[in-house]
Amino acid sequence: MILHNTLTGRTEPFAPALPPQVRMYVCGLTVYGRGHIGNYRSLVATDLLRRTLRYKGWRVKEVMNITDVDDRIIQLGKASGKDLRGFTAEHIRSFDEDSATLRMERPEVVPRATDHIPDMIGLVERLITRGHTYTAEGSVYFKIATFPEYGRLSRLDVSGIKAGARVDTDKYEKEDARDFVLWKAKEDEPEWAHWDAPFGRGRPGWHLECSAMSMKYLGETFDLHCGGVDLIFPHHENEIAQSTCATGKPFVRHWMHVTHLLVDNETMSKSKGNFYTIPDLLQRGHRPDAIRYLICAAHYRKPLNFT
Ligand SMILES: [Zn+2]
């Protein structure tokens, strides 16, 4: 089997380190709203991949996380008047519903970020001990200057980045590459979004969540990490930095990324009004198997234009 590896930029043989088991991690949904068909393009592609690996005779252990605490969830949860569990429950239910519609197999482990706060705290402590962090205004930041390989996955030139400049938001562009937050202490956030930690009360950054949950279930080095191309930077770049610096070992052997779904030749977004969910398509009379077929019919690294 050959599979493109984002880390090397080449299509190369894929084989697990400990056959017959393949240990794979997929960045799942951030549950602040209903997933759109672009999210499901990525997830159905990884569903097809896990079935292919099994067909090859390997035993798959797949972990797909549910991000149930991040900037947007806190903002929208606060506005809805609910607490974190109350707000995310509905979106987790709709994710399960859409997964069933698309006949996606349930991964072996589907961990929720808020069930793994102690693991995340442990990871931050390891990074503190190893000298990869600093604290500013109560939050703990990862110092990217301490990891010379930073930028390798996304082919980012980090030479011009000013040491000590930092970023707090979960999502940002390459131009804003700087020290990123591991543990956020923000006073204006509700109590239900914060946890006690030896380095102060706060909550995990999004990137930290995936590093902690993947290594907990798959080990410090595992075979395959998948996600949409939009996750290469900063999310996966930051996952590599945190994990490698905490363990001193390579994090992932093979990186697989799925290209964006376009709608009428444009990237999909709520603000453009070209945003579709699975129920939207069902309502228009499209059959579930036809939707899945459409999503699978284009190669995962080629554009797929939905009209
Ligand atoms: Zn992730």
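## An exposed loop residue

Glutamate 137 sits in the loop between strand S5 (133-136) and S6. The model is predicted.

Most residues other than glycine have a negative phi.

Where is asparagine 265 found? Its place is the loop between strand S12 (261-263) and strand S13 (266-267). Asparagine 265 is exposed, with 10 other C-beta atoms within 10 Å.

## Two cis peptide bonds

Most peptide bonds are trans. Proline 19 and proline 20, however, are joined by a cis peptide bond, with omega about 10°. Proline 20 belongs to the loop between strand S2 (10-13) and strand S3 (21-26).

Phenylalanine 233 and proline 234 are also joined by a cis peptide bond. Here omega is about -5°. Proline 234 lies in helix H6 (residues 232-247).

## The whole protein

Now step back to the overall fold. The protein has eight helices and 14 strands. Its C-alpha trace spans about 55 × 50 × 35 Å along the principal axes. What radius of gyration would a compact globule of 307 residues have? The value would be near 19 Å, and the protein has 19 Å, so the two agree.

Buried residues account for 42% of the 307 residues. Take the contacts between residues at least 6 apart in sequence: 75% of them join residues at least 24 apart.

## The nonpolar cores

The largest nonpolar core holds 57 residues. Which of them touch the most other members? They are Met24, Leu123, Val124, Leu127, Phe142 and Leu182. Helix H1 (residues 37-55) gives the most to this core, with seven residues. Another core lies apart from it and has ten residues, including Leu29, Ile74, Ala113 and Ala193.

Valine 124 is then in contact with Val140, Leu182, Trp183, Phe199 and Leu208.

## Helices H4 and H5

Helix H4 (residues 117-129) and helix H5 (residues 206-218) have axes that come within 9 Å. The axes cross at roughly 105°. That angle falls between 65 and 115 degrees, so H4 and H5 are roughly perpendicular to each other.

Which residues meet where H4 and H5 touch? From H4 come Asp119, Met120, Leu123 and Val124. From H5 come Leu208, Glu209, Ser211, Ala212 and Lys216. This contact of H4 with H5 has five nonpolar, one polar and three charged residues.

## Helices H2 and H3

Helix H2 (residues 71-80) and helix H3 (residues 84-101) cross at roughly 105°, and their axes come within 9 Å. H2 and H3 are therefore roughly perpendicular to each other.

In H2, the residues at the contact are Ile73, Leu76, Gly77 and Ser80. They meet Leu84, Phe87 and Thr88 in H3. By class, this contact of H2 with H3 has four nonpolar, three polar and no charged residues.

Lysine 143 lies in the loop between strand S6 (139-142) and strand S7 (166-167). Lysine 143 is partly exposed, because 19 other C-beta atoms lie within 10 Å, while a buried residue needs 20 or more.

Lysine 143 and aspartate 179 are 36 residues apart in sequence. How far apart are they in space, C-alpha to C-alpha? The distance is 5.2 Å. Leaving aside neighbours within four places in sequence, lysine 143 is in contact with Asp179, along with His132, Thr133 and Tyr134.

## Glutamate 12 in strand S2

Glutamate 12 is part of strand S2. It counts as partly exposed, with 13 C-beta neighbours inside 10 Å.

Methionine 1 is eleven residues away from glutamate 12 along the chain. Their C-alpha atoms are separated by 8.4 Å. Beyond its neighbours within four places in sequence, glutamate 12 is in contact with Ile2 and Asn5.

Key: Residues numbered from 1 in each chain as written. Predicted model: local features only at pLDDT ≥ 70, side-chain atom pairs only at ≥ 80, totals over all residues. Helix = DSSP H or I, 4+ residues; strand = E, 2+ residues; numbered from the N terminus. Rg over C-alpha atoms; globule rule 2.2 N^0.38 Å. Buried ≥ 20, exposed ≤ 12 C-beta atoms within 10 Å, placed from the backbone. Contact = placed C-beta atoms within 7 Å. Axes fitted to C-alpha atoms, helices over the stretch in contact; angles between N-to-C directions. Parallel < 35°, antiparallel > 145°, perpendicular 65-115°, else oblique. Nonpolar A, V, L, I, M, F, W, Y, C, P; charged D, E, K, R; others polar. Core = buried A, V, L, I, M, F, W, Y, C linked by C-beta atoms within 7 Å.
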